[in-house]
Amino acid sequence: HQELENHSKALEFFREALEAKPSTGDEHEERINAIQHAMAKSYATLGDFETSSSLFKGVLTRLQAAYGSENIEVANVLLAYADVLDQRGELEHSLQCYDRVLAIEVLDPKTWEVGNIYAKMG
């Protein structure tokens with residue numbers, strides 16, 4: 001119960017941070033991405049996987065536009081997004097995210113998680 005209250009409170013602060021006077025250029029984009037990534041994780045913890053997925057998609061789109069699809073930041077977000085998709089029961093889509101992380105070759109993509117998803121699929 002306390003964890004859910006903490007995430008709800010965190011979301012209030014994240015929203016305030018998004019409304020704060022924007023910085024400029026790359027610093028602004030990095031700030032927005034970091035805040036929305038944190039928000040996506042909090043929404044997932046609260047069970048709002050739809051909002052979480054939407055936020056992750058936005059962060060991924062901006063990161064890929066800024067750095068390309070073979071970037072460690074993209075891989076980090078893909079890993080978190082894959083976990084949310086798994087929780088939503090979107091196993092095929094989750095596997096696609098893990099496959100993209102494997103292709104980037106910059107992180108240990110929690111290969112055991114990939115095995116768990118295949119096991120869930122039967």
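This is a predicted model: local features need pLDDT of at least 70, side-chain atom pairs count only at pLDDT 80 or more; totals for chains, interfaces and linings use all residues.
A polar contact is a pair of N or O atoms within 3.5 Å.

Entry: the loop. I looked up Asn 71 and found it in the loop between H3 and H4. Its side chain reaches the backbone nitrogen of Glu 73 at 2.6 Å, which is within the 3.5 Å limit. Asn 71 counts as buried because its relative accessibility is 17%, and the cut-off for buried is under 20%. I also checked Gly 68, which follows H3 and has a positive phi, near 90 degrees.

Entry: helix H3. H3 covers residues 49–67, 19 residues in total. I listed its buried residues, among them Ser 52, Phe 56, Val 59, Leu 60 and Leu 63. An α-helix has 3.6 residues a turn, so residues three or four places apart point the same way.

Entry: H3 against H4. The two helices pack at about 160 degrees, with axes 10 Å apart. H3 is therefore roughly antiparallel to H4, as angles over 145 degrees count as such. Their crossing is left-handed. On the H3 side the contact includes Ser 52, Phe 56, Val 59, Leu 60 and Leu 63; on the H4 side it includes Val 77, Tyr 81, Val 84 and Leu 85.

Entry: Asp 86. I found Asp 86 in H4, which runs over residues 72–88. At 11% relative accessibility, Asp 86 counts as buried. Ile 117 is 31 residues from Asp 86 in sequence, yet their C-alpha atoms are 7.3 Å apart.

Conventions:
Residues are numbered from 1 along each chain as its sequence is written. Side-chain values use heavy atoms; hydrogens and water are left out. Helices (H or I, at least four residues) and strands (E, at least two) are DSSP runs, numbered from the N terminus. The expected span of a helix is 1.5 Å times one less than its number of residues. Buried means under 20% relative accessible area, exposed over 50%, partly exposed in between (1.4 Å probe, protein chains only). A polar contact is a pair of N or O atoms within 3.5 Å; within protein, one must be able to donate a hydrogen and the other to accept it, and residues adjacent in sequence count only if both atoms are side-chain atoms. Axes are lines fitted to C-alpha atoms, for helices over the stretch in contact, and angles run from 0 to 180 degrees between N-to-C directions. Angles under 35 degrees count as roughly parallel, over 145 as roughly antiparallel, 65 to 115 as roughly perpendicular and the rest as oblique. A crossing is left-handed if the near helix is turned anticlockwise from the far one by less than a right angle, and right-handed if clockwise. Contact means heavy atoms within 4.5 Å.
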